[in-house]
Amino acid sequence: MDTPVTPRAADRGPRRRDRHGRGMRGPIAPPQVPLAASRAETFADLVQDSVERLERRWPQLTDIDFLVLEVPRLDGPGLRWSDEAVPLGGAVPGREGHPARVVIYRRPVEIRTKGRDERAALVHEVVVEQVAELLGLTPETVDPRYGED
């Protein structure tokens, strides 16, 4: 008796190698190489570097949560975008068991910068401005090098 041949399942996913056994066998770059880090991870590292730099001068920053979000969002019904500039960051004061938060918006910052150094400088400026707002100080008080190129 002949046994029926079942067709290959279509939901197996993409082929990793071609029919000759060639093709990608592993990741393009090892994890320790910067190429392996995503843009979001690289941006979060820039924010963390800026926060660590400020924490040396202001130890009370350890009580503040620093977050990275892709883009600012509108909360609530009926809110619409206005002609004002898109915010690069925001500060939320602490209240009833919730720590204060500083939010940095990744995509607006990335769009306004061309290279890593320029992006790092803008991230630091935004972090300094938001921390200054939370602490009720001027940005120059929070970081004496604020605004220097």
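This is a predicted model: local features need pLDDT of at least 70, side-chain atom pairs count only at pLDDT 80 or more; totals for chains, interfaces and linings use all residues.
I'll start with the layout. The protein chain has four helices and three strands. Read from the N terminus, the order is α-β-β-β-α-α-α. There are 149 residues in the protein chain, and buried residues make up 25% of them. If you take the contacts with a separation of 6 or more, 59% are between residues 24 or more positions apart.

Now the helix pair. Two packed helices are described by the angle between their axes and the distance between the axes. Here the pair is α1, residues 39-55, and α3, residues 116-135. Their axes come within 9 Å and cross at roughly 50 degrees. That angle makes α1 oblique to α3. The crossing of α1 past α3 is right-handed.

Which residues meet in this contact? On the α1 side they are Thr 42, Phe 43, Leu 46, Val 47, Ser 50, Val 51, Arg 53 and Leu 54. On the α3 side they are Arg 116, Arg 119, Ala 120, Val 123, His 124, Val 127, Val 128 and Val 131. By class, the residues of the contact of α1 with α3 divide into 10 nonpolar, three polar and three charged.

I'll take two of the α1 residues in turn. Thr 42 sits in helix α1. Its relative accessibility is 28%, so Thr 42 counts as partly exposed. Leaving out residues up to four places away in sequence, Thr 42 touches Ala 37 and Arg 116. Thr 42 and Arg 116 are 74 residues apart in sequence, and their C-alpha atoms are 9.3 Å apart in space.

Leu 54 is also placed in helix α1. Is Leu 54 buried or exposed? Leu 54 counts as buried, because its relative accessibility is 2% and the cut-off for buried is under 20%. With the same exclusion of residues up to four places away, Leu 54 touches Leu 61, His 124, Val 127, Val 128, Val 131, Val 142 and Asp 143. For Leu 54 and Val 131 the separation is 77 residues in sequence and 9.2 Å in space, C-alpha to C-alpha.

Next, the loop between α2, residues 106-111, and α3, where Thr 113 lies. Thr 113 is buried, with a relative accessible area of 8%. The side chains of Thr 113 and Arg 119 are joined by a polar contact of 3.2 Å. Neighbours within four places in sequence aside, Thr 113 is in contact with Glu 118, Arg 119 and Leu 122. Arg 119 is also one of the α3 residues that meet α1.

Staying with α3, Gln 130 is found in that helix. Gln 130 is buried at 9% relative accessible area. What is Gln 130 in contact with, leaving aside its neighbours within four places in sequence? The residues are Gly 89, Gly 90, Ala 91 and Val 102.

Glu 96 is exposed, with a relative accessible area of 79%. Most residues other than glycine have a negative phi. Phi of Glu 96 is near 30 degrees, a positive value.

Last, the region of α4. Pro 139 lies in helix α4. Not counting residues up to four places away, Pro 139 touches Val 128, Glu 129, Ala 132 and Tyr 146.

Tyr 146 is in the segment after α4, which covers 139-142. Beyond residues up to four places away in sequence, Tyr 146 touches Glu 125, Val 128, Glu 129, Pro 139 and Glu 140. Where does the side chain of Tyr 146 make a polar contact? The partner is the side chain of Glu 129, at 2.5 Å. Tyr 146 and Glu 129 are 17 residues apart in sequence and 9.0 Å apart in space, C-alpha to C-alpha.

To finish, one residue links two parts of this talk. Val 128 is among the α3 residues that meet α1, and Val 128 is also touched by Pro 139 and by Tyr 146.

Notes
Residues are numbered from 1 along each chain as its sequence is written. Side-chain values use heavy atoms; hydrogens and water are left out. Contact means heavy atoms within 4.5 Å. A polar contact is a pair of N or O atoms within 3.5 Å; within protein, one must be able to donate a hydrogen and the other to accept it, and residues adjacent in sequence count only if both atoms are side-chain atoms. Axes are lines fitted to C-alpha atoms, for helices over the stretch in contact, and angles run from 0 to 180 degrees between N-to-C directions. Angles under 35 degrees count as roughly parallel, over 145 as roughly antiparallel, 65 to 115 as roughly perpendicular and the rest as oblique. A crossing is left-handed if the near helix is turned anticlockwise from the far one by less than a right angle, and right-handed if clockwise. Ala, Val, Leu, Ile, Met, Phe, Trp, Tyr, Cys and Pro count as nonpolar, Asp, Glu, Lys and Arg as charged, and the others, Gly among them, as polar. Buried means under 20% relative accessible area, exposed over 50%, partly exposed in between (1.4 Å probe, protein chains only).
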